[in-house]
Amino acid sequence: MLVAFSVAPLGMSESVADAVADAVRIVRESGLPNRTDAMFTTIEGEWDEVMDVVRRATEAAGRGAGRVSLVLKADIRPGHVGELTAKVDRVERLLGAE
């Protein structure tokens with residue numbers, strides 16, 4: 001499965017970069033395939049391992065905050081791996097065919 005998520009503490013300063021970095025650090029240390037862009041971090045793996053990483057990343061981002069915002073989108077497709085890059089590759093191939 002692929003999970004794209006965005007997490008941020010609420011009620012803190014305007015910049016949440018330190019808290020987001022704490023969350024992304026958890027994701028990267030998990031060893032699961034992942035990608036971070038300006039809006040989301042996407043990770044790929046099995047349900048239990050991905051959700052555990054999301055939980056730990058959310059807890060890390062929320063340290064010191066009384067409230068945390070979590071936005072999550074999942075693509076659950078049993079039997080498929082490598083989709084973190086394969087989905088983008090398919091679209092790029094189609095764009096190159098124009």
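How many nonpolar, polar and charged residues does the lining of the largest pocket have?

**Entry 1: the model**

I am working with a predicted model. I looked up its confidence. The average pLDDT is 93, and 99% of the residues score at least 70. I then checked the elements. Confidence is lowest in α3, with a mean of 92. It is highest in β3, at 98.

**Entry 2: the parts list**

I counted three helices and four strands. Along the sequence I read the pattern β-α-β-β-α-β-α. I also looked up the extent of the protein. Its C-alpha atoms fill a box of roughly 50 × 30 × 20 Å along the principal axes.

**Entry 3: the sheet**

I followed the strands next. The four of them form an open sheet, and its order is β2-β3-β1-β4. The pairing is antiparallel. Which strands sit at the edges? I found β2, residues 34–36, and β4, residues 67–75. Each of these pairs on one side only. From one strand to the next, the twist averages 20°.

I then took a look at β1, which covers residues 2–10. Nine bridges join β1 to β4, and these two strands run antiparallel. To place myself in the pairing I picked out Ser6, which stands opposite Val71 in β4.

**Entry 4: the helices on the sheet**

Helix α2, residues 47–61, lies across β1, β3 and β4. In that list, β3 is residues 41–44. The helix runs at about 15° to β1.

**Entry 5: the largest pocket**

I came back to the pocket. The largest one has a volume of about 300 Å³. I found 13 residues lining it. Closest to its centre are Leu2, Ala4, Thr42, Leu84 and Lys87. Which elements give two or more residues to this lining? They are β1, β4 and α3. Helix α3 supplies the largest share, four residues.

Now I can settle my opening question. By class, the lining has six nonpolar residues, one polar residue and six charged residues.

**Entry 6: what I keep in mind**

Terms used
Residues numbered from 1 in each chain as written. Predicted model: local features only at pLDDT ≥ 70, side-chain atom pairs only at ≥ 80, totals over all residues. Heavy atoms only, no water. Pairing = 2+ DSSP bridges. Axes fitted to C-alpha atoms, helices over the stretch in contact; angles between N-to-C directions. Contact = heavy atoms within 4.5 Å. pLDDT = per-residue confidence, 0-100. 1 Å grid on protein atoms, 1.4 Å probe; cavity = no way out; pocket = protein on both sides within 12 Å on 5 of 7 lines; lining within 4 Å. Points joined across faces, edges and corners; volume = space filled by probe spheres on them. Nonpolar A, V, L, I, M, F, W, Y, C, P; charged D, E, K, R; others polar.
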